[in-house]
Amino acid sequence: MVLVGGALATAADPAPLADLLAHRFSVVAHDRRGRCASGDTAPYAARREVEDLAAVVGKAGGHACVHGTGSGGALVLEAAAAGIAVARLSVYEPPFVTDPAGRAECAARHERVEGLLARDRRSDALELFLPEVLPPGALDGLRGSPLWAELEARAHTLGYDHAVLGDAGVPAERLREAPCA
């Protein structure tokens with residue numbers, strides 16, 4: 001079972017899920033491009049993350065169950081549509097937006113985040129992005145924690161998640177290309 005995290009996640013984040021699955025699967029948690037142990041060769045392209053995932057599946061025996069959380073869910077869906085050997089696929093909360101007005105808001109927020117990142121204002125980019133995924137009030141406590149510096153170090157990967165999501169709409173036509181088991 002290959003576990004693929006979402007925005008800002010590292011391979012360490014799904015450890016509790018990996019522990020729950022370990023009695024049934026050999027579990028590999030994947031550090032996505034630009035995070036911790038993974039490389040970050042420029043320029044970024046979502047297809048290269050699909051290639052990264054294909055390499056991880058290859059190392060896991062060439063055929064694996066794959067689970068993606070958040071934008072990692074969008075990535076594993078794209079990987080399946082691209083033909084990666086996925087035995088079973090599950091996703092949890094891929095951040096697709098079905099409402100056209102919501103997609104416009106999402107695109108505007110992505111543009112603002114990427115503008116901040118282009119000016120190396122990682123902390124500001126996090127402060128714009130994180131309220132979308134954290135419970136109310138959690139950002140204040142996070143800012144003062146040791147985890148904040150780690151998040152700042154990975155903040156540039158928010159643009160990678162935006163690239164994986166595209167316009168954030170459900171890619172129905174593309175998903176029809178994913179093989180069903």
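This is a predicted model: local features need pLDDT of at least 70, side-chain atom pairs count only at pLDDT 80 or more; totals for chains, interfaces and linings use all residues.

Colleague: Step back to the whole chain. How many helices and strands does the protein have?

Modeller: Nine helices and four strands. From the N terminus the order is β-α-β-α-β-α-β-α-α-α-α-α-α.

Colleague: Why is the protein called as compact as a globular protein of its length?

Modeller: The globule rule gives 16 Å for 181 residues. The radius of gyration is 16 Å, close to that value, so the protein is as compact as a globular protein of that length. Along the principal axes, the C-alpha atoms fill a box of roughly 40 × 35 × 30 Å.

Colleague: What share of the residues is buried?

Modeller: Buried residues are 41% of the 181. The accessible surface is about 9,500 Å², and carbon and sulfur atoms hold 56% of it.

Colleague: What part of the contacts links residues 24 or more positions apart?

Modeller: Such pairs account for 64% of the contacts with a separation of 6 or more.

Colleague: How far apart are the mean positions of the positive and negative charges?

Modeller: They are 4 Å apart, for 18 positive and 24 negative charges.

Colleague: Now the interior. What makes a set of residues a nonpolar core?

Modeller: The residues must be buried, come from the nonpolar list, and be joined through side-chain atoms within 4.5 Å. The largest such core has 21 residues. Val2, Val4, Leu53, Val57, Val66 and Ile84 have the most contacts inside it. Two or more residues come from each of β1 (2-4), α2 (46-59), β3 (64-69), α3 (71-81) and α8 (158-165). The top contributor is α3, with six residues.

Colleague: Which residues does Leu53 touch?

Modeller: Setting aside residues up to four places away in sequence, Leu53 touches Val2, Val4, His30, Val66, Val76, Ala79 and Ile84. A second, separate core has 14 residues, among them Leu116, Leu126, Leu151 and Leu158.

Colleague: His30 is on the Leu53 list. How do you know whether His30 is buried or exposed?

Modeller: The cut-off for buried is under 20%. His30 has 7% relative accessibility, so it counts as buried. It lies in strand β2 (residues 28-30). Beyond its neighbours within four places in sequence, His30 contacts Val2, Leu3, Val4, Ala11, Asp52, Leu53 and Val56.

Colleague: And Thr98: how do you know whether that residue is buried or exposed?

Modeller: Exposed means over 50%. Thr98 has a relative accessible area of 66%, so it is exposed. Thr98 sits in the loop between β4 (86-92) and α4. Not counting residues up to four places away in sequence, it touches Arg103 and Val170.

Colleague: Now the backbone. Which values deserve a look?

Modeller: First, the background. Most residues other than glycine have a negative phi, and most peptide bonds are trans.

Colleague: What makes Leu8 stand out against that?

Modeller: Leu8 is not a glycine, yet its phi is positive, near 65°. Leu8 is in the loop between β1 and α1 (15-21). Its relative accessibility is 6%, so Leu8 counts as buried.

Colleague: What is the phi of Glu93, and where is this residue found?

Modeller: Glu93 has a positive phi of about 55°, and it is not a glycine either. It is found in the loop between β4 and α4. Its relative accessible area is 55%, so Glu93 is exposed.

Colleague: What is the omega of the peptide bond from Ala42 to Pro43?

Modeller: Omega is near -5°, and the bond is cis. Pro43 lies in the loop between β2 and α2.

Note on methods:
Residues are numbered from 1 along each chain as its sequence is written. Side-chain values use heavy atoms; hydrogens and water are left out. The radius of gyration is taken over C-alpha atoms; the globule rule is 2.2 Å times the number of residues to the power 0.38. Buried means under 20% relative accessible area, exposed over 50%, partly exposed in between (1.4 Å probe, protein chains only). Contact means heavy atoms within 4.5 Å. Accessible areas come from the Shrake-Rupley method with a 1.4 Å probe; for residues, only the protein chains shown count as cover. Lys and Arg count as positive and Asp and Glu as negative; His and the chain ends are not counted. The place of a charge is taken as NZ of Lys, CZ of Arg, CG of Asp or CD of Glu.
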